[in-house]
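Student: I am new to this structure, and I would like to learn how to read its features one at a time. Could we go through it together?

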Amino acid sequence: MPQPEPQVGLSLFSSLVDSSIPPGILQGPSKMETLLSAIVGDLVSRALSMVTQRYLQSQGAEEEKLQRLRAVLLRIHATVEEAEGRHITNQAMLQQLQMLRRGMYRGYYTLDTFRYRAHRDEADGEASTRRSLALSRFSPSSSRRTFFSVCDAPSTDLVLDDGSSNNLDKMLSSLERMIGDMQEFVMFLASYPRISRQPYSAYLFHDQVMFGRQMEKETILSFLLCREAARNGSLGVLPIIGPARVGKSTLVEHVCHDERVHRRFSLIVFFSGNDLNGGNLATLKGDMDEETWRGLYTSAASHLTPGSKIILTSRSEKIASLGTAESLMLKFLSQEAYWYFFKTVAFGSTNPGEHPNLAAIGMEIAVHMNRSFVAANIVASLLRTNLDTRFWRRVLRCLRDFASKHLSMFGEHPTNLLEKDQPVYMWTMAKTTNVFVMRDIYDEPSPKISEVPRITAQDVLSGRVTSEGTFQAVAWRSRIPPCYTYLVSFVVSRTDEHAVLGKKRSRQERI
């Protein structure tokens, strides 16, 4: 039979007790229990004291790291602002600036995550929702059903719960190395001329320039202003490729408003997609075969003077082969850069640090908008008019339901459906049973005041418009040249006429 294991712990304890306590003091069970209780209490007290001390030390160390991160970001921010105020033409310098800008966005995202994490549970009162968001990001089986995977963006771009000490250490180390490597960059900046502009706040500045597109802008300018020798009357062609509503045409027209471009070219002509059917050069929305392009190019070359340039914009990568210059790829912003932009336009001239609860809600709102510029401006203008926590919570809940409904019905985020010119169910804060459907979103180049609808998208979202009917509304008026006005078409009805069609389409797409 197996022998029982010796009671080593008990024997040792008895030995210690026998050697340290006078005989007779442990006679009776009550005295033994008293001693055991005292020993256990002392051990628990010491353990709690040790844990508390370690926690306070970690909190102190974390705060010190956050202070260092703030200091590093201030230096990087100052350098980026100085660089953005100069005409930089060197591509290597522009690439370095792009790296600094990306590091700054990621750094501010990390800082805000730590700064507002204590307010995050208060932001919506549903901590489980945040956990489900994180699970959706990392679950391979959910890639089709979640909008976090759109735009071919890596999942690391969409970090909502990265407030760990390890992430803070990595970010701080990365930015401090970046600071150490930018001394030559700062020195070379002084050799580039300044851009003359009026003093501005961050809100007004971002409202009047294309946010995060300086490198792309300078690439287009370099193409347009380069005076390469005309070879047999050939024309320079730059293809620009990117998804719908990423800002391709807006970027081109914005660049063409630059005074240097106006001095270089005596005539600047823009064509829309409809003009292509008439045989003219155009902004391409689809694929173009080589024969069609050869005919258009030959026609243009016979009418344009040597040194003229052509810029093609399209969603299709096939136009890359039509260019004489390397094609320019436009992508959506990373989530860190998108949050930086959205925070600026949502708070306006108000300091987000003075409203940590709103900032925490805003970080979650930004995640649900799929990095859409139009959505950011529509929602931000709605939030900016009412800096109330309850109001922002309602907007967050509406946006979450808005995304979940379309993901469950169609397997896609509503902004993706709009890019495909498909209708979506629009959310509203109104207490009504009417169904709001957004059919289309399009832009008009500087329409006359008399032609602009009086209703705005914010009127619909806030619940000020609830009556049935079909109407247009102003989504957003851009102050970035060429100053487009973005319009949306709404259908408000009592019955859900699109639900059956939506479910049928969803099933057909899965077959």
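Tutor: Let us begin with strands, for which the general idea is that two strands pair if DSSP finds at least two bridges between them. In this predicted model, strand β5 (residues 435-445) and strand β7 (residues 484-493) run antiparallel and are joined by 10 bridges.

Student: Which residue in β7 is the bridge partner of Y442?

Tutor: The partner of Y442 is L487, which lies in β7.

Student: In what order do the four strands of the open sheet lie?

Tutor: The order is β4-β5-β7-β6, and the pairing in this open sheet is antiparallel. At the edges are β4 (424-425) and β6 (469-477), each of which pairs on one side only.

Student: How should I read the angle at which the axes of α3 and α9 cross?

Tutor: Angles over 145 degrees count as roughly antiparallel. The axes of helix α3 (residues 91-116) and helix α9 (residues 214-225) cross at roughly 165 degrees and come within 9 Å, and α3 and α9 are therefore roughly antiparallel to each other. Their crossing is left-handed.

Student: Which residues of α3 and α9 meet?

Tutor: From α3 there are Q91, L94, Q95, L97, Q98 and R101, and these meet Q214, M215, E216, E218 and T219 of α9. By kind, the residues of this contact are three nonpolar, five polar and three charged.

Student: How many helices and strands are there in the protein, and what share of its residues is buried?

Tutor: The protein has 19 helices and seven strands, and buried residues make up 46% of its 511 residues.

Conventions: Residues are numbered from 1 along each chain as its sequence is written. This is a predicted model: local features need pLDDT of at least 70, side-chain atom pairs count only at pLDDT 80 or more; totals for chains, interfaces and linings use all residues. Side-chain values use heavy atoms; hydrogens and water are left out. Axes are lines fitted to C-alpha atoms, for helices over the stretch in contact, and angles run from 0 to 180 degrees between N-to-C directions. Helices (H or I, at least four residues) and strands (E, at least two) are DSSP runs, numbered from the N terminus. Angles under 35 degrees count as roughly parallel, over 145 as roughly antiparallel, 65 to 115 as roughly perpendicular and the rest as oblique. A crossing is left-handed if the near helix is turned anticlockwise from the far one by less than a right angle, and right-handed if clockwise. Contact means heavy atoms within 4.5 Å. Ala, Val, Leu, Ile, Met, Phe, Trp, Tyr, Cys and Pro count as nonpolar, Asp, Glu, Lys and Arg as charged, and the others, Gly among them, as polar. Buried means under 20% relative accessible area, exposed over 50%, partly exposed in between (1.4 Å probe, protein chains only).
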